[in-house]
Amino acid sequence: MAVEPNYLKRRDLASLKAVEAAFHQGPLAEAYASAPDIERRSGIGREEFDAEYRAKGRPVVLEGHAADWPSVRTWSFEHLAERCGSLPVVVDSYSSAAARSTTFGEFVELLKASAGTGAAPIYLQEWYYKTSAPELAADMPELDIARYDFRRKLYGDAGSTNHQLWLGQQGGITRLHQDSYSVDVLHAQIVGEKLWSIMGPDAELLPGPDGELDVEALCASPAAQLTRFALRPGDVLYLPAWWFHRIELLSDSIGLGRKALDEANLQLHVRQRVGELLALALNPDELRRTHSELFDVVMARGRALAHQMDIDLSRLRQ
């Protein structure tokens, strides 16, 4: 198996830790400390968004674009615990060592009890709420700027609304990554604030002549396009496909991850999804060994999509 030379694209645990360490001290930490803010706009319509940002592949924060959502106006962790307290969830699912099953109510109680104790932040990542709490969708109306999402034609209306909620404690971190399946990121902040650090899709972190990661070369490259910014309640981030991003929770936070597939990326999307499904079907034991941090997450994604598409996983033919 060929080894990916760009450490930013590697998914093994050692590489993930090496990249994360670079954010805490050294040239990358210094570069981000002085990195520019993202472009911010307010009050723009879908046509202007399509022409100025989606067509040009330019990230942007649409300030207050979701400010009138019921979720932004009324949600809190306590509010959701009252509505969803008995529902099963998997906390810290991005860590095979820390992942554990609980209920949503117990998750909120754990979050309260551990606040200020110095314990590792608790994070409920990629909660596909529509499989167990579809009534929450009414509090997060469809984004007008997401109507280009080709997944409607590919998977049907229900399959295209396969969104996730991200709920976590101050200090929680999602390590640097590119989103799977060549989709654009549309992230709506509902409660609290997140600090986003992003890099362009052509950014590379390679070993230098001494074998150590050449972080200085990454920071000096125009392709890196280092940008850092905060996302606040009501803000919506548009991040084109393949942009690298890392998220740190500045406070207890709730956000909606809503993806969108540009038709221009359709062929890559299908190839990646089919390739992933074939790998899971034909090589599951090897994948669990080599991608221990991602295996269960990817399985959960597949189950959620099957649920939204009303696919019976107990049958070979539909």
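## Close-up views of a predicted model

The count comes to 22 salt bridges. Keep in mind that this is a predicted model.

**View 1. R40 pairs up with D37.** These two form a salt bridge, and their closest N and O atoms sit 3.1 Å apart. General idea: side chains of opposite charge can pair when their charged atoms come close. R40 has a relative accessibility of 22%, so it counts as partly exposed. D37 is partly exposed too, at 44%.

**View 2. E48 meets R41.** Here is another salt bridge, with 2.7 Å between the closest N and O atoms. E48 is partly exposed at 35% relative accessibility, and R41 is partly exposed at 24%.

View 3. What separates R54 and D50 in helix α3? They are 4 residues apart in this helix (residues 46-54), which means about one helical turn lies between them. R54 has a relative accessible area of 21%, making it partly exposed, and D50 is partly exposed with 21%. Elsewhere, salt bridges with shared partners link E142, D149, R151, R152 and R258 into one network.

**View 4. Seven strands make an open sheet.** Follow the order β1-β2-β11-β8-β13-β6-β5 and you'll have walked across 7 strands with mixed pairing. Which strands stand at the edges? They are β1 (40-41) and β5 (123-127); each has a single partner strand, so one side of each has no neighbour in the sheet. As a rule, strands of a sheet pair through backbone hydrogen bonds, either parallel or antiparallel.

**View 5. Zooming in on β8 and β11.** Strand β8 (residues 184-191) runs antiparallel to strand β11 (residues 236-239), and the two pair over 4 bridges. Look for L186: its bridge partner in β11 is Y238.

**View 6. A nonpolar patch on the surface.** L154, V270, V274, L278 and L282 make up this patch, with about 430 Å² of accessible area together. Which helix gives the most to the patch? That's helix α10 (residues 266-282), which supplies 4 residues. L282 belongs to helix α10, and with a relative accessible area of 70% this leucine is exposed.

View 7. Searching the whole structure turns up 0 disulfides. Is C84 buried or exposed? C84 is buried, at a relative accessible area of 1%, whereas C219 counts as partly exposed at 22%.

Conventions: Residues are numbered from 1 along each chain as its sequence is written. This is a predicted model: local features need pLDDT of at least 70, side-chain atom pairs count only at pLDDT 80 or more; totals for chains, interfaces and linings use all residues. Side-chain values use heavy atoms; hydrogens and water are left out. A disulfide is a pair of cysteine sulfur atoms within 2.5 Å. Buried means under 20% relative accessible area, exposed over 50%, partly exposed in between (1.4 Å probe, protein chains only). Patches are made of residues with over 30% relative accessible area and no salt bridge: like charges are joined within 9 Å, nonpolar side chains (Val, Leu, Ile, Met, Phe, Trp, Tyr) within 5 Å. Accessible areas come from the Shrake-Rupley method with a 1.4 Å probe; for residues, only the protein chains shown count as cover. A salt bridge is a side-chain nitrogen of Lys or Arg within 4 Å of a carboxyl oxygen of Asp or Glu. Two strands pair if DSSP finds at least two bridges between them.
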